[in-house]
Amino acid sequence: MLILCLLLSACSHSASTDSSAPIRPDSQSVQLKDTNTPSIKQNMPSSSTGFEDKDHRIRIGFSMDTLVEERWKKDRELFRQAAEQRGAEVIIQSANGDDARQIVQAETMIRQGIDVLVIVPHNAEAAAAIIQKAHQAGIKVLSYDRLVKNAEVDLYVSFDNEEVGRLQARAIIKQVPKGKYVYIGGANTDNNAHLFKKGVFDILQPLIERGDIQVVYDQWSKDWQPAYAKVNMQQALQANRNKVDAVIVANDATAGGAIEALAEKGMAGQIPVAGQDGDLAAARRIVKGTQTMTVYKPLQQLAGTTADMAIRLARGEKIDTRQKVNNGKTEVPAVLLQPIAVDVTNLDQTMIRDHFHSREEIYGQVQ
């Protein structure tokens, strides 16, 4: 028994030495790696949000109503450039004028981990659901150019849209101080369309009350479609036996539809027409003489300001604005930029000077 115990003890000691021999060097190398490499916690920013980390690349979701109209394609590219120049990443989705699609696209961007959402709502009321979903995820929302109604919007960046309407009205009054006016609005679901109209009638109302101006037709154009604006103009001409003196239209695309209806009656160029947005087609019509004026909104300024503000919102910075706009639920902090009236006399000093359109694009293709 004594001999057997001695043999078992010797075997146990030999096995212990063999099993530990290959492990010990590896164990030492792991310890050295842990000692020399900072831990994950040491690399994390001190803030729980992470936005104070200057190396964090902010992701901006840009939810757009449509890319059908020329100006929105410009907005998309200018905003992308502005955000990327400031070190942010941009995810862009267009809903093609579909409320349900815009909501689904916004939800997808929220799941993708965006830090802030910028939205151009198709329907000012329906988009309130998007604001709620973003806030539930801890994401702030900036309304771009169009205001979301009845929601806790964090910031609104646009142009002074009532001033847009006032500029239109003032320009046409200079041409036609007395007479029969046609007003063709934009989409009734777009808050901007109401602001444009308010600005127009702020100027027209005293003349209406005095009897100098009579508004003989006033109608919205569904979804900002030029085809609906054309039908509206046709109806206005029919109802007034072609006896109209001036036309104010809510944007350049719909103004194009109205001018088509005037052209069918041989009246294009004879009746002053106002639009707004500074579209290339409108600039060409101004040179040609079929459209009187447009309102130029420097989109590069809008895109750059929005990119700055979106990044500040993502970082949790407080933004103090001098202006607020009531959206039916709250007073939304707002940054409102100034629009510019443009006619044939100042095309070169405005849109061409700013490289919004080139001189060759405008003058070289006037038909």
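**View 1. K197 lies over the face of W220.** The distance here is 4.8 Å from the ring centre. A second case has the charged end of R359 over the ring of Y363, 4.3 Å from its centre. For a charge to sit over a ring, NZ of Lys or CZ of Arg has to be within 6 Å of the ring centre and within 35 degrees of the ring normal. A word on the source: this is a predicted model, where local features need pLDDT of at least 70 and side-chain atom pairs count only at pLDDT 80 or more, while totals for chains, interfaces and linings use all residues. Residues are numbered from 1 along each chain as its sequence is written, and side-chain values use heavy atoms, with hydrogens and water left out.

**View 2. F62 and F79 make a tilted aromatic pair.** Their centres are 4.6 Å apart, with 45° between the planes. Rings of Phe, Tyr and Trp (its six-membered ring) pair if the centres lie within 6.5 Å; planes under 30 degrees apart are stacked, over 60 edge-to-face, and the rest tilted. The pair links distant parts of the chain, 17 residues apart: F62 belongs to strand 1 (residues 59-64) and F79 to helix 4 (residues 70-85). Helices (H or I, at least four residues) and strands (E, at least two) are DSSP runs, numbered from the N terminus. Both F62 and F79 are buried, where buried means under 20% relative accessible area, exposed over 50%, and partly exposed in between (1.4 Å probe, protein chains only). Ring pairs also bring in Y144, making a cluster with F62 and F79. Across the whole structure, the search turns up six aromatic pairs.

**View 3. Y144 sits among the core residues that touch the most other members.** Leaving aside residues up to four places away in sequence, Y144 touches several residues, including R71, W72, D75, L302, A303 and T306; contact means heavy atoms within 4.5 Å.

**View 4. Strand 4 runs parallel to strand 3.** Four bridges join the two, and strands pair if DSSP finds at least two bridges between them. I119 stands opposite S143 in strand 4. Four of the five residues of strand 4 are buried, so this strand is largely enclosed by the rest of the structure.

**View 5. Helix 12 (residues 299-314) is largely enclosed by the rest of the structure, because twelve of its 16 residues are buried.** Among them are L299, L302, M309, I311 and L313. The buried residues pack against strand 1, helix 4, strand 3 (116-119), strand 4 (140-144), strand 5 (155-159) and strand 12 (331-337). Helix 12 reaches 22 Å from its first C-alpha to its last, close to the 22 Å expected at 1.5 Å a residue; the expected span is 1.5 Å times one less than the number of residues. Helix 12 also gives the largest share of the core, nine residues. Just after helix 12, G316 takes a positive phi of about 80°.

**View 6. N242 and H355 have positive phi values.** Most residues other than glycine have a negative phi. N242, with phi near 65°, is in the loop between helix 9 (226-239) and strand 8 (246-249), and counts as partly exposed at 31% relative accessibility. H355, with phi near 60°, is in the loop between helix 13 (348-352) and helix 14 (359-363), and counts as exposed at 71%.

Key: Core = buried A, V, L, I, M, F, W, Y, C linked by side-chain atoms within 4.5 Å.
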